[in-house]
Amino acid sequence: MRTTTGWLATDDPGGSTETLRRSVLERRDLRPDDLAVRVDFCGVCHSDLHALHTRHDGGPALVPGHEFTGVVTATGSAVTRFAAGDPVAVGNIVDSCGTCAMCLAGQENFCHTGPTLTYSGSDRQDGSTTLGGYSREYVVRDAFAYALPPGLDPAGVAPLLCAGITVWEPLRALGVGPGSRVAVAGLGGLGHLAVKLAVALGATTSVISRSPDKADDARRLGAHGLLVSTDEDQMAAARDSFDVVIDTISAPHDLGPYLRLVALDGTLSHLGHLGPVEVNTLDLLVGRKKLSSAGSGGRPATAAMLEFCAEKGITADVEVLPSARVNEALDRLSRNDVRYRFVLDLSDLDAPAPDTSGRVASE
């Protein structure tokens, strides 16, 4: 086994399972098609918070992190696509069955047996629990690593591998391009990238927000307008105005007001809240409107997104913190105190860990 260092959820009897502690982690020895990746930057996602909040004492080990960039340090004997020293990016899927209809269509994110997730997944060969990118090294199949485009900030690229691909797939599947009218509901980690990508695809793009205070940020990101969702007159005036509405709001909410913004034969793509929703059929019937959803992306779409972002110079707006401040980042994320994505710099894991007295000690 290989050893590395990372941030592990603890079962401290006097503490909280939401607290991460620096720990020694084990990675598998390289299989023929594996890469060892030195993790340099890892995004902090709302999914990480959810995993920590729903974790139970005594459950499988949990190291969050599923959107990261780094450098290949070693390769398995059969790897030809990458070599030591190559910069790479890894997202939230690290394996799939490879044989079902979805995998054969390049939609590994919808694998019929379930994709293997970057953390809290089950390794398809030995059944071990996958440990995520809040660590200095990750071992991954080369087929699920992507070349990091030159010229882009690797810290800003990391969130593209989760938030970016999550909004890219529905934008492309719904044919967004020049002449399209797109609205993005919610201006957070997902929403700000949806705005950047929709604008770069050529769409006339608006932001829907509860507050007019987001107007300056929306314009800075390239949006052509802001619609205040709490202003009934604005919402009524914008009825049937958008071909596509990308809904990135993470809390449960009424879809009706957003469906009423969708134009004839248009689509509301519901991405932010993963849970039950109630829909009045009339909100779909009047205008032949469609309600869809999406999650993550397959390998072809992920590679295409990275190529597009390199061409257009698109990265996430990030606040980079040393990984030792991971618990601070998670706390602030829970309060939505970030614009628009925290990214951890894992280089501080190279230094010995300080002990509780302030002296330097090993893990």
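View 1. Val279 is partly exposed, with a relative accessible area of 31%. As with everything in these views, we're looking at a predicted model. Val279 sits in the loop that runs between strand 14 and helix 9 (281-285). Together with Val277 and Leu291, Val279 makes a nonpolar surface patch of about 180 Å².

**View 2. Helix 4, mostly under cover.** Helix 4 spans residues 163-173, and nine of its eleven residues are buried. Here's the buried set: Ala163, Gly164, Ile165, Thr166, Val167, Trp168, Glu169, Pro170 and Leu171. What does the covering? The cover for these buried residues includes two helices, helix 5 (189-200) and helix 10 (299-312). It also includes strand 13 (242-247), strand 14 (262-270) and strand 17 (341-345). After helix 4 comes Gly175, which has a positive phi, near 75 degrees.

**View 3. Phe68 and Tyr138, a tilted aromatic pair.** How many aromatic pairs turn up when the whole structure is searched? The count is two. In this one, Phe68 and Tyr138 have their ring centres 5.3 Å apart, with 50 degrees between the planes. Phe68 belongs to strand 4 (residues 68-75) and Tyr138 to strand 8 (residues 137-141), so the pair ties together parts that are 70 residues apart in sequence. Are these two residues buried or exposed? Phe68 is buried, at 1% relative accessible area, and Tyr138 is buried too, at 3%.

**View 4. Trp168 and Phe308, a link from helix 4 to helix 10.** The ring centres of Trp168 and Phe308 are 5.0 Å apart and the planes meet at 40 degrees, so this pair counts as tilted. Trp168 is in helix 4 and Phe308 in helix 10, which makes the pair a link between distant parts of the chain, 140 residues apart. Trp168 is buried, with a relative accessible area of 5%. Phe308 comes in at 12% relative accessibility, and because buried means under 20%, Phe308 counts as buried as well.

**View 5. An arginine over a phenylalanine ring.** Which residue puts its charged end over the ring of Phe144? That's Arg299, whose charged end lies 5.1 Å from the ring centre.

How values were computed
Residues are numbered from 1 along each chain as its sequence is written. This is a predicted model: local features need pLDDT of at least 70, side-chain atom pairs count only at pLDDT 80 or more; totals for chains, interfaces and linings use all residues. Side-chain values use heavy atoms; hydrogens and water are left out. Buried means under 20% relative accessible area, exposed over 50%, partly exposed in between (1.4 Å probe, protein chains only). Helices (H or I, at least four residues) and strands (E, at least two) are DSSP runs, numbered from the N terminus. Contact means heavy atoms within 4.5 Å. Patches are made of residues with over 30% relative accessible area and no salt bridge: like charges are joined within 9 Å, nonpolar side chains (Val, Leu, Ile, Met, Phe, Trp, Tyr) within 5 Å. Accessible areas come from the Shrake-Rupley method with a 1.4 Å probe; for residues, only the protein chains shown count as cover. A salt bridge is a side-chain nitrogen of Lys or Arg within 4 Å of a carboxyl oxygen of Asp or Glu. Rings of Phe, Tyr and Trp (its six-membered ring) pair if their centres lie within 6.5 Å; planes under 30 degrees apart count as stacked, over 60 as edge-to-face and the rest as tilted. A charge sits over a ring if NZ of Lys or CZ of Arg is within 6 Å of the ring centre and within 35 degrees of the ring normal.
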